[in-house]
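Colleague: I am new to this structure and would like to learn how to read its features. Please take me through them in turn.

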Amino acid sequence: MPKVDLQAIPQTNATGYPDHLADVVQGRWYRRLSPALGLSDFGASHVVLKPGAWSAQRHWHESEDEILVILSGAAVLVDDSGRTPLVAGDIAAFPKGDPNAHCLINESDTDCVFFVIGQSVNGPCHYPDVDMHENGAGDKRRKDGSPF
């Protein structure tokens, strides 16, 4: 199996969040590995969280399993159970359909680097802290059904 050259895969901090929710992820830089490597059965990303950055708004997926491995640095997993410190070598998993909303926050003064695997096509996703639901096709609405 060929070694992946991370530097050859473009890194971005793009987000699909509405502007008023995007500030917390501005320090999240990621490389979408699956498309660059020709993988189609699952999505994989290499993510760098700068100090102070969040991985996402706290969320959970109806139809996407997620697993992540911290490669270096440290982050705090924030979920419905509270706050759990994660360091290099730690693994966290989020089964599809489990409404345990989660995100990582880098509260340290150094970068946190992690590898995450999920579905190649996202389904419905819920963001309970910011009154947002995404249908999986990019349409974002409030709980009352009104669009952002």
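Modeller: We can begin with the cysteines. This is a predicted model, and in it C112 is buried, with a relative accessible area of 0%.

Colleague: How many disulfides does the structure hold?

Modeller: The count is zero. C103 is in no disulfide either, and its nearest cysteine sulfur, that of C125, is 12 Å away.

Colleague: Is C103 buried or exposed?

Modeller: Buried means under 20% relative accessible area. C103 has 2% relative accessibility, so it counts as buried.

Colleague: Now the strands. How do strands of a sheet pair?

Modeller: They pair through backbone hydrogen bonds, and the pairing is either parallel or antiparallel. Here, an open sheet of three strands runs in the order β6-β5-β8, and its pairing is antiparallel.

Colleague: Which are the edge strands?

Modeller: They are β6, residues 82–87, and β8, residues 102–105; each of them pairs on one side only. Neighbouring strands of this sheet are turned against each other by 25° on average, direction ignored.

Colleague: How many bridges join β5 to β8?

Modeller: Four bridges join them. Strand β5 covers residues 74–79 and runs antiparallel to β8.

Colleague: Which residue in β8 is the bridge partner of L77?

Modeller: L77 has L104 as its bridge partner there.

Conventions. Residues numbered from 1 in each chain as written. Predicted model: local features only at pLDDT ≥ 70, side-chain atom pairs only at ≥ 80, totals over all residues. Heavy atoms only, no water. Disulfide = S-S within 2.5 Å. Buried < 20%, exposed > 50% of the residue type's maximum accessible area, 1.4 Å probe, protein only. Pairing = 2+ DSSP bridges. Helix = DSSP H or I, 4+ residues; strand = E, 2+ residues; numbered from the N terminus. Axes fitted to C-alpha atoms, helices over the stretch in contact; angles between N-to-C directions.
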